[in-house]
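Hi,

Here is the structure I said I would pass on.

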Amino acid sequence: MHYWIIVLLTVLSVPAHATTIATERVMAWEGKPLPVTLAVGKETLITFDSDVRVGVPSGLYQHARVDALRGTVYITANSAFESQRLHVERLRDGLRMLIDVRAQTGITSQTQIDVVTKDEKQALDVAKATKKAQEQHVQQLTMPIPALLVRYAYQNIYSPHHAIEPLPGVTRIAMQLDKNIQSQAFPLWPVTATPVAAWAMADYTVTAITLAHLNNDTLTLDPRQVTADAYAVSFAFPDLGPVMTDSAINTAFIVTQGPLANVLPPRFNGEVTP
């Protein structure tokens, strides 16, 4: 039978020349005992992805305080000791793992360790590599944020989902716009203007708006005729074709500082006639 011994701990100060023990932040269980080195006087948390049951050798209580709560084991060594083995059982599937802990004075070590399975570790590595690749991709782009936003919005409207390049830091936001903003943003053009979606990054917002031509001629799109107080305006195509043709539909991308709804002129109640 194991007995719990309550020990009063004195936290030891670590000298300036303390040795650093390179214990990994994430350790993968692959069937071999996982070595964990504790710094005397410092609490170390060993966490698992679900609730566990921990078997502790009775001799360990002479050197350390050990507590287990749900999926975390808390260990604080009050003196140095050689390797002692913890038996850990994951309750949801019965998986058994072995943790070899020891403690040393005059060292600094990792104070939180996540124990995962080999498959979970591979998934974490893939996620980390993907995030790093995304960050490198953005760093390689020399375009300013407004241009990046327009590029991202264009891909969301016209590219298949798998071809949309990730843009870390961008979020989709609510537009809070009328169903047709022609009278506010495009009063000189015989079109309907339907807001589709908006994305924000830093202080900028890009709003994608579907333009549908109502006349039987070709309309050249001039961004200077857009009445919103915009940072930039661009279009998927340079003009609108005659009504009822494939080219009669286009997309405007309006970049603003803050939401587009905040910089539009008041709504005009008149109707546009073709």
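**What I found**

Thr-72 is buried, at a relative accessible area of 14%. (Buried means under 20% relative accessible area, exposed over 50%, and partly exposed in between, with a 1.4 Å probe and protein chains only.) Thr-72 belongs to strand S7, residues 72-77. On terms: helices (H or I, at least four residues) and strands (E, at least two) are DSSP runs, numbered from the N terminus. Setting aside neighbours within four places in sequence, Thr-72 is in contact (heavy atoms within 4.5 Å) with Leu-45, Ile-46, Thr-47 and Asp-67.

Before going further, some housekeeping. This is a predicted model, in which local features need pLDDT of at least 70 and side-chain atom pairs count only at pLDDT 80 or more, while totals for chains, interfaces and linings use all residues. Residues are numbered from 1 along each chain as its sequence is written, and side-chain values use heavy atoms, with hydrogens and water left out.

**Confidence**

pLDDT is the predictor's confidence in each residue, from 0 to 100. The protein chain has a mean of 85, and 85% of its residues reach 70 or more. Strand S14 (residues 204-213) has the highest confidence, at a mean of 97, while strand S1 (residues 19-20) has the lowest, at 65. Watch residues 1-16 too: pLDDT stays under 50 there, and the model has 22 contacts for them beyond four places in sequence.

**The chain as a whole**

The protein chain holds 18 strands and three helices. Of its 274 residues, 38% are buried. If you take the contacts between residues at least 6 apart in sequence, 65% of them join residues at least 24 apart.

**Cavities**

How many cavities of 30 Å³ or more does a search of the whole structure find? It finds two. A cavity here is a set of points, on a 1 Å grid over the protein atoms alone, where a 1.4 Å probe fits but cannot get out, and lining residues have an atom within 4 Å of a point. Grid points are joined across faces, edges and corners, and a volume is the space filled by probe spheres set on the points.

The second largest cavity has about 30 Å³ of space. Its lining is made up of Ile-173, Ala-174, Met-175, Leu-177, Ala-198, Thr-205, Thr-207, Pro-259 and Leu-260. By class, that lining has seven nonpolar residues, two polar and no charged. (Ala, Val, Leu, Ile, Met, Phe, Trp, Tyr, Cys and Pro count as nonpolar, Asp, Glu, Lys and Arg as charged, and the others, Gly among them, as polar.)

**Two backbone angles to check**

Most residues other than glycine have a negative phi. Ala-202 has a phi near 55°, a positive value in a residue other than glycine. Ala-202 sits in the loop between strand S13 (191-201) and S14, and is exposed, with a relative accessible area of 60%. Met-244 also has a positive phi, near 75°. Met-244 is in the loop between strand S17 (239-240) and strand S18 (249-257), and is exposed at 78% relative accessible area.

Thr-245 is found in the loop between S17 and S18. Thr-245 is partly exposed, with a relative accessible area of 35%. Its C-alpha atom is separated by 9.3 Å from that of Asn-216, 29 residues apart along the chain.

**Two more residues**

Is Val-56 buried or exposed? Val-56 is buried, with a relative accessible area of 4%, although it lies in the loop between strand S5 (52-55) and strand S6 (64-69). Val-56 and Val-66 are ten residues apart along the chain, with 8.2 Å between their C-alpha atoms.

Leu-124, in helix H1 (residues 118-140), is partly exposed, at 41% relative accessible area. Not counting residues up to four places away in sequence, Leu-124 touches Val-26 and Val-116. Leu-124 and Val-26 are 98 residues apart in sequence, and 9.3 Å apart in space, C-alpha to C-alpha.

Cheers

Technical notes:
1 Å grid on protein atoms, 1.4 Å probe; cavity = no way out; pocket = protein on both sides within 12 Å on 5 of 7 lines; lining within 4 Å.
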